[in-house]
Amino acid sequence: MLLAEPPRTNYDLHFRVFGIPVRVHPFFWLIALLSGAREGVSPKETFIWMAALFVSILIHELGHAVAILFYGYRPWVTLHWLGGLASYDRGFSESYDSSDDRSTRPLPQIVISLAGPVAGFLFATVIVGLVFASGGAADFSLGGAYLFRWDLLGVTSANLGYLLDCLIFINLFWGLINLLPVYPLDGGQVSRELFLVANPRRGIEWSLQLSMAAAIAMAIYALLRFQQPFFVVILFGFLAFGSYQALAAYRGFGGQGGGYGGGRYGDDDDSYRGRGW
């Protein structure tokens, strides 16, 4: 599961960013390598991709973590094989009151979920701003398989240009992908809260149905439009199946028409703690 922390290993990398603990699971590096080692890509470019992926996902998760801090909780970040996870424990809040838990209310949940993609969008904006500040330019246009195109002008170093391209691609395109209403992506978390506000009895069921449909649509789109669709098709096929299983389990526990009586899907310990890719 994307919202479950992987087991700790002796090969984990540990550090802190502005006091926020960060753990990098070794599988993160493996997936980063496999996703970057494509046909026609040099070893140096693969290493650049891995660095861009690490920085981008870290910034994304730190966006979630900052929002968690805003609501008075102490977060930690884990980067693992499918991306990352920003976690927190409700009991860590100095002002924690079990009768008034802000972290389970719709607005804080939505803000925390959106903070990750927003952090990535801001980071991409800063990159483009630095290109302009250094005398270059960036030409953006709509269209293509990835919905938009860009061309950085005035960047004389090929390696730097590839790094900036990777950073823009990850933070913009994958940030948009993360906003799809597919659980457990950030957009899926937001759609769950909105559906629950609209209809507490059937909101979870509706959000899971939408999650299934959106994941299948994305997998088909990637298969038809992407030059190398394998990873995206497998990912969203997996997410569609996960939503189907969650919907079946929710109905099996009496969720249909039962409001919160059937339990909020994903409401184990990590569901309150995690916002990730």
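## Starting at Gly-84

In which strand does Gly-84 have its place? Gly-84 sits in strand E4, which covers residues 83-88. Keep in mind that this is a predicted model. Gly-84 has a relative accessible area of 0%, so it is buried. A C-alpha to C-alpha distance of 8.8 Å separates Gly-84 from Val-24, although the two are 60 residues apart in sequence.

## Helix H2 on its own

Next up is helix H2, made of 28 residues, 43-70. From first C-alpha to last, H2 reaches 41 Å, which is close to the 40 Å expected at 1.5 Å a residue. After H2 comes Gly-72, with a positive phi near 90 degrees.

Setting aside residues up to four places away in sequence, Thr-46 touches Leu-33, Gly-36, Ala-37 and Val-41. Glu-45 is also found in H2, but Glu-45 has a relative accessible area of 26% and is partly exposed. With neighbours within four places left out, Glu-45 is in contact with Gly-40 and Tyr-162.

## H2 against H4

Two packed helices are described by the angle between their axes and the distance between the axes. For H2 and helix H4 (residues 158-178), the axes come within 9 Å and cross at roughly 40 degrees. The two helices are therefore oblique to each other, and H2 passes H4 in a right-handed crossing.

Which residues meet here? On the H2 side they are Lys-44, Glu-45, Ile-48, Trp-49, Ala-52, Leu-53, Ser-56 and His-60. On the H4 side they are Asn-159, Tyr-162, Leu-163, Cys-166, Leu-167, Phe-169, Ile-170, Asn-171 and Asn-178. The residues of this contact of H2 with H4 divide into 10 nonpolar, 5 polar and 2 charged.

## H2 against H3

H2 also packs with helix H3 (residues 106-133): the axes come within 7 Å and cross at roughly 135 degrees. That angle makes H2 oblique to H3. The crossing of H2 past H3 is right-handed.

From H2, the residues in contact are Val-55, Ile-59, His-60, Gly-63, His-64, Ala-67 and Ile-68. They meet Val-111, Ile-112, Ser-113, Ala-115, Gly-116, Pro-117, Ala-119 and Phe-123 in H3. The residues of this contact of H2 with H3 split into 10 nonpolar, 5 polar and no charged. His-60 is listed in the contact with H4 and again in the one with H3.

## Backbone details in the loops

What is the peptide bond from Tyr-183 to Pro-184, cis or trans? This bond is cis, with omega near 5 degrees. Pro-184 lies in the loop between H4 and helix H5 (186-198).

Phe-18 is another one to check if you care about torsions: its phi is near 50 degrees, a positive value in a residue other than glycine. Phe-18 lies in the loop between strand E1 (13-17) and strand E2 (20-24). Is Phe-18 buried or exposed? Its relative accessible area is 84%, so Phe-18 is exposed.

Definitions and conventions. Residues numbered from 1 in each chain as written. Predicted model: local features only at pLDDT ≥ 70, side-chain atom pairs only at ≥ 80, totals over all residues. Heavy atoms only, no water. Helix = DSSP H or I, 4+ residues; strand = E, 2+ residues; numbered from the N terminus. Expected span 1.5 Å × (residues − 1). Axes fitted to C-alpha atoms, helices over the stretch in contact; angles between N-to-C directions. Parallel < 35°, antiparallel > 145°, perpendicular 65-115°, else oblique. Left-handed = near helix turned anticlockwise from the far one by under 90°. Contact = heavy atoms within 4.5 Å. Nonpolar A, V, L, I, M, F, W, Y, C, P; charged D, E, K, R; others polar. Buried < 20%, exposed > 50% of the residue type's maximum accessible area, 1.4 Å probe, protein only.
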